[in-house]
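I opened my notebook today to get to know a new structure. Come along as I look things up one by one.

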Amino acid sequence: GGEAGDSLPADGPVIRLQGITKVFKGDADESTLALDNVTVDVARGDYVCISGPSGCGKSTLLSVLALLDTPTSGRYWLNGRAVDRMTPAERARARSLDVGLIFQSFNLIGDMTVYENVEYPLTLRGASPADRRRTVEGALERVGMMARAKQRPGSLSGGHQQLVAVARAIAGRPALLLADEPTGNLDSKSGEALMQMLSELHAGGATVCIATHDPRWIAQAPKHLRLFDGRVVADGAAPQPVSG
């Protein structure tokens, strides 16, 4: 126990949050407490569902985990490294290489084609052109987006952008996959296909964290983190659905 240092042992958790608090300053000195002293470890290879009512802090928590937002106080270790000790360049690299994002705001790069967006993490990794092509085409086929490979994300519907983000995550094989309401823009058939793909990525060794209201996701996730007013109110195995 005790305070962790700037780095954790290699076999430590993929995510360690210690006392993470996030305050948003509004106008007229109003401030909103979005996360309130969140302390959580997520082990390598976990599959965690984060749930709770709207405004409970799920999206803020995912933004912090994705290195898109910085906590007001507390510390975060990603893959054993203290995020507050990373340079902006290291943080950007970790965000592109270690973390796969399937967010409503997509985080796709607008001036790249669909194909280039999916290829981007592989380029950073230094994969060979032949490997990149095989991997990107495989991922786009998988989500049914090959026909749109040359389009830019801005010309696609929300659901299609969501699928491109999934293809990018599949292609990049990130250690940590973060998804915010991943089926929010999808019809039920695409949604089920997406759940299947996330399960496969998890089976392949990825750590998966999903923020969702959807009871189907919550029922199938082995671990469940419940947030309420920015605090973790339950942490442990997912509740088993009652039969009857």
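My entries below go from a helix to a pocket and then to some loop residues.

**Ground rules.** I am working with a predicted model, in which local features need pLDDT of at least 70 and side-chain atom pairs count only at pLDDT 80 or more, while totals for chains, interfaces and linings use all residues. I count residues from 1 along each chain as its sequence is written, and side-chain values use heavy atoms, with hydrogens and water left out.

**Helix 4.** I use DSSP runs, numbered from the N terminus, for helices (H or I, at least four residues) and strands (E, at least two). Helix 4 covers residues 129-142. I checked its span: at 1.5 Å a residue, its 14 residues should give 20 Å, and the end C-alpha atoms are 20 Å apart, which agrees. The expected span is 1.5 Å times one less than the number of residues.

Which residues of helix 4 are buried? I found R132, V136, A139 and L140.

What do the buried residues of helix 4 pack against? Helix 3 (114-125) and helix 5 (158-172) are their partners.

**The largest pocket.** I looked up its space, which is about 260 Å³. Its lining has 16 residues, and R95, S96, V99, N107 and R168 are the closest to the centre. A pocket here is an open set of points on a 1 Å grid over the protein atoms alone, where a 1.4 Å probe fits, with protein on both sides within 12 Å along at least five of seven lines; lining residues have an atom within 4 Å of a point.

G144 follows helix 4 and has a positive phi near 70°. I place G144 in the loop between helix 4 and helix 5, and it counts as exposed because its relative accessibility is 53%.

Most residues other than glycine have a negative phi. N79 is not a glycine, yet its phi is positive, about 50°. N79 sits in the loop between strand 4 (73-78) and strand 5 (81-82).

Key
Buried < 20%, exposed > 50% of the residue type's maximum accessible area, 1.4 Å probe, protein only. Contact = heavy atoms within 4.5 Å. Points joined across faces, edges and corners; volume = space filled by probe spheres on them.
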